[in-house]
Amino acid sequence: MWLLTIATLGGGLAGAGLMALRTRRTSAARSAELAQLEELVQRRADQVTSLSHELRTPLSMIRGAVELLREGTPGPLTPAQERFLQVLDHQSTQVIGLCESLLIQAKIEAGLFVPRLERVDVSVVARDVVTAMRSLCAQRQQRISLDTPQVMPRIPADPMLLAQAFTNLLSNASRFTTTGGSIDVRVTPIDTGVAVYVTDDGAGMTREERHRLFHRFATGRPLADGTGLGLVITKTIVELHGGEIMVHTASRHGTTFLLTLPAGTPTGSPS
Ligand SMILES: Nc1ncnc2c1ncn2[C@@H]1O[C@H](COP(=O)(O)OP(=O)(O)OP(=O)(O)O)[C@@H](O)[C@H]1O
Ligand SMILES: [Mg+2]
């Protein structure tokens, strides 16, 4: 069963006379509430931005020092020292990744991440991301395939943001698929624009895991690699493009994520 994750916002128009007065008052209250919320979001984004920036800088220095040690610059290492440094390297890379994800998310929430729309051939973006993922998949002996049509309509999109969304989906597909598994990416034109399918034959998800999806920090493996931000960011990017994201998954049988991106310019975005 496909799980539609996009919430639609309802709204209505008021009538004349008393209704109009009431509406004006309500809308004044709503604007005040909205302004207050915007301020809160902005303040929170500022805090997250400075916190993750403050964390990222010393962490990058720690990782740099670890790299020098592992290269043997100050002298040769014993196997035990090498093992401890591997842990340090891995963990600092994880936290730097988390800081970067938090930064992106905070910027998106504060409305600072305005998509820079161009006429984009989505299959070209998908090809670049698949190419970048090939070596990781090869390390895990996973097969990765890309299916694109010969002619693709160009749609208004931000290629960098789209690449980020595809990378998140593909890195999940690889992480949650065992050695020797398969990942298939299909890009196809549809009536309303473009559809992108990312399918894996990996672990799949239970019903509970599926319902937790797209919630911040809802990682299936709290103590392992993930931070639980990838899909929140992916969903936000798709929504910024006026698109939808859906998932079809079965525990132990694999997962398909479907993104649809409209051919028209998203509402409120520059053309
Ligand atoms: N292709 C998939 N197959 C199985 N489970 C998945 C798949 N994609 C996502 N999940 C589940 O959804 C959870 C949330 O994914 P999400 O990408 O948001 O976070 P994450 O991968 O844990 O961390 P990160 O922030 O590093 O991406 C995952 O931890 C996993 O449990
Ligand atoms: Mg992820």
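The following conversation goes through a predicted model of one protein chain.

User: To start, how many helices and strands are there in the chain?

Analyst: The chain has six helices and eight strands. Read from the N terminus, the elements follow the order β-α-α-β-α-β-β-α-β-β-α-α-β-β.

User: And what share of the residues counts as buried?

Analyst: Of the 271 residues, 24% count as buried. Contacts between residues 24 or more positions apart make up 74% of the contacts in the chain with a separation of 6 or more.

User: Which residues touch the most other members of the largest nonpolar core?

Analyst: They are V122, A126, F166 and L170, in a core of 38 residues. Helix α4, residues 159-175, gives the most to this core, namely seven residues.

User: Where does that core lie relative to domain 1 and domain 2?

Analyst: The core lies between them, because domain 1 (18-109) and domain 2 (118-262) both give residues to it. As background, nonpolar side chains tend to be buried together in soluble globular proteins.

User: Take V122, then. What does it touch, leaving out residues up to four places away in sequence?

Analyst: With those left out, V122 touches M152, I155, A157, L162, V187, V194, V196 and L261.

User: Now the strands. Which strand is joined to β3 by five bridges?

Analyst: That strand is β5, residues 182-190, and the two run parallel. Within this pairing, I144 has I183 of β5 as its bridge partner.

User: What about β5 and β6, parallel or antiparallel?

Analyst: They are antiparallel, with eight bridges between β5 and strand β6, residues 193-200. V185 is opposite V198 of β6. A hairpin through two residues joins β5 to β6.

User: Switching to helix α6: why is it described as largely enclosed by the rest of the structure?

Analyst: Nine of the eleven residues of α6, which covers residues 230-240, are buried, so the helix is largely enclosed by the rest of the structure.

User: Which ones are buried in α6?

Analyst: The buried residues are G230, L231, V232, I233, T234, K235, I237, V238 and L240.

User: Is G242 buried or exposed?

Analyst: G242 is buried: 22 other C-beta atoms lie within 10 Å, and the cut-off for a buried residue is 20 or more. The C-alpha atom of G242 is also separated by 6.5 Å from that of P262, although the two residues are 20 residues apart along the chain.

User: Which residues other than glycine have a positive phi?

Analyst: Q141 is one of them, with a phi of about 50°. R252 is another, with a phi near 70°.

User: Where is Q141, and is it buried or exposed?

Analyst: Q141 sits in the loop between α3 (122-139) and β3 (143-147). It counts as exposed because it has 10 C-beta neighbours inside 10 Å, and the limit for an exposed residue is 12 or fewer.

User: And where is R252 found?

Analyst: R252 is in the loop between β7 and β8, the latter spanning 254-262. With 10 C-beta neighbours inside 10 Å, R252 counts as exposed.

Note on methods. Residues numbered from 1 in each chain as written. Chains lettered and ligands numbered in written order. Predicted model: local features only at pLDDT ≥ 70, side-chain atom pairs only at ≥ 80, totals over all residues. Helix = DSSP H or I, 4+ residues; strand = E, 2+ residues; numbered from the N terminus. Core = buried A, V, L, I, M, F, W, Y, C linked by C-beta atoms within 7 Å. Domains from an automatic or database assignment. Contact = placed C-beta atoms within 7 Å. Pairing = 2+ DSSP bridges.
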